[in-house]
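Try each task before you read its solution.

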Amino acid sequence: MYYNFTDLRKILFSETYRNRSDSIIELVDNFQQIEGINIGDGDRNTIMAFQMEGLLLNVKSFKIPNLINKIIYRFFRKSKAQRSFENATRLLEYGMGTPNPIAFLEFYKGPFFDKSFYVSEQLNIDFTFRELIHNPTVSRREEIIRKFTKFTFQLHEHGVLFKDHSPGNTLIKMDGDTIKFYLVDLNRMEFKSLSFEERIKNFCRLTPLKDMVEMMSAEYAKLIHVPYDEVFTKMWKETEKFQNKFHRKRRLKKQLLFWRK
């Protein structure tokens, strides 16, 4: 067994899935033994998709934290799994897309926080936002980018600052003439009234491509009633700043880990 039920200290299910609680707890309890599809990169967390009783589940197993965070998550701060569940629930209340949250589970060892899981529905999608960067010939690309910008504007209007607003964290489903967006990796969110600077900076991780930034700036400028030049200048400046920082960190990491070659 991966974890024993007696180690389980906190669990919460969405009301819709409460009748499946025993099966889901058993699945998590045997997470490493049950055959599933690995859909995560495995660097920090493990994400698996499982078929269970006609339902396709997405189970995210968060990495066991270091000693300090074991204490923090045990006594002072909500776990990443709990924040993911609560933030997904809140997004749905706002009418924003995210896979349906099913449950979060936390395991403790003695006085310390140990392992946590977030369970949601696994969606069948067409691609992520990243595809728009790597494949500029995607059908209806400009329309998708503009509608995604409106989706982000609606997030901001609801007071949602999605701190991991990056190209891999928006799933896109083409449903006839309708384009649907779903946010994932939800544990880092802040809910508050957003300033103009915070709104525009929230786009900085999404793409290094200037043409995409131009499209997002043009659409956001219309929605927020601010001149295009002002929005684009700020958005492109924040994008370049993020890209420079990202590539500096990557070069430094390669230099420090040269021995792995």
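**Exercise 1.** Which residues does Ile144 touch, not counting residues up to four places away in sequence? Then place Ile144 in its core.

*Solution.* The model is predicted.
- Step 1: List the partners. Ile144 touches Phe127, Leu132, Val138, Ser139, Ile172, Met174, Ile179 and Phe181.
- Step 2: Find the core. The largest nonpolar core has 43 residues. Ile144 is among the members that touch the most others, along with Leu91, Phe129, Leu132, Ile172, Leu183 and Met216.
- Step 3: At least two residues each come from helix 3 (80-93), helix 4 (131-134), helix 5 (141-157), strand 8, strand 10 (178-183), helix 7 (210-224) and helix 8 (228-256). Helix 7 gives the largest share, eight residues.
- Step 4: Look for another core. A second, separate one has 19 residues, including Tyr17, Ile24, Val28 and Ala103.
- Step 5: In soluble globular proteins, nonpolar side chains tend to be buried together.

**Exercise 2.** What is the strand order in the open sheet of three strands, and which strands stand at its edges?

*Solution.* 
- Step 1: Read the order. It is 7-9-10, and the pairing is antiparallel.
- Step 2: Find the edges. Strand 7 (127-128) and strand 10 each have a single partner strand, so one side of each has no neighbour in the sheet.
- Step 3: Check one pair. Strands 7 and 9 run antiparallel and are joined by two bridges. Phe127 has Ile172 in strand 9 as its bridge partner.

**Exercise 3.** Is Asp164 buried or exposed? Where does Asp164 lie?

*Solution.* 
- Step 1: Locate Asp164. The loop between strand 8 (160-162) and strand 9 (170-175) holds this residue.
- Step 2: Apply the cut-off. Buried means under 20% relative accessible area. Asp164 has 13%, so Asp164 counts as buried.
- Step 3: Name the contacts. Leaving aside neighbours within four places in sequence, Asp164 contacts Asn169, Asp185, Arg188 and Arg205.

**Exercise 4.** Which residues form a nonpolar patch on the surface? Classify Leu67 as buried or exposed.

*Solution.* 
- Step 1: Name the members. They are Leu67, Ile71, Phe75, Phe76 and Phe112. Together they have about 540 Å² of accessible area.
- Step 2: Trace the source. Helix 2 (residues 67-75) supplies the largest share of the patch, three residues.
- Step 3: Classify Leu67. Leu67 is in helix 2. Exposed means over 50% relative accessible area. Leu67 has 54%, so Leu67 is exposed.

Notes
Residues numbered from 1 in each chain as written. Predicted model: local features only at pLDDT ≥ 70, side-chain atom pairs only at ≥ 80, totals over all residues. Heavy atoms only, no water. Helix = DSSP H or I, 4+ residues; strand = E, 2+ residues; numbered from the N terminus. Buried < 20%, exposed > 50% of the residue type's maximum accessible area, 1.4 Å probe, protein only. Contact = heavy atoms within 4.5 Å. Patch = residues over 30% accessible without salt bridge, like charges linked within 9 Å, V, L, I, M, F, W, Y side chains within 5 Å. Areas by Shrake-Rupley, 256 points an atom, 1.4 Å probe, with all protein chains shown as cover. Salt bridge = Lys/Arg side-chain N within 4 Å of Asp/Glu carboxyl O. Core = buried A, V, L, I, M, F, W, Y, C linked by side-chain atoms within 4.5 Å. Pairing = 2+ DSSP bridges.
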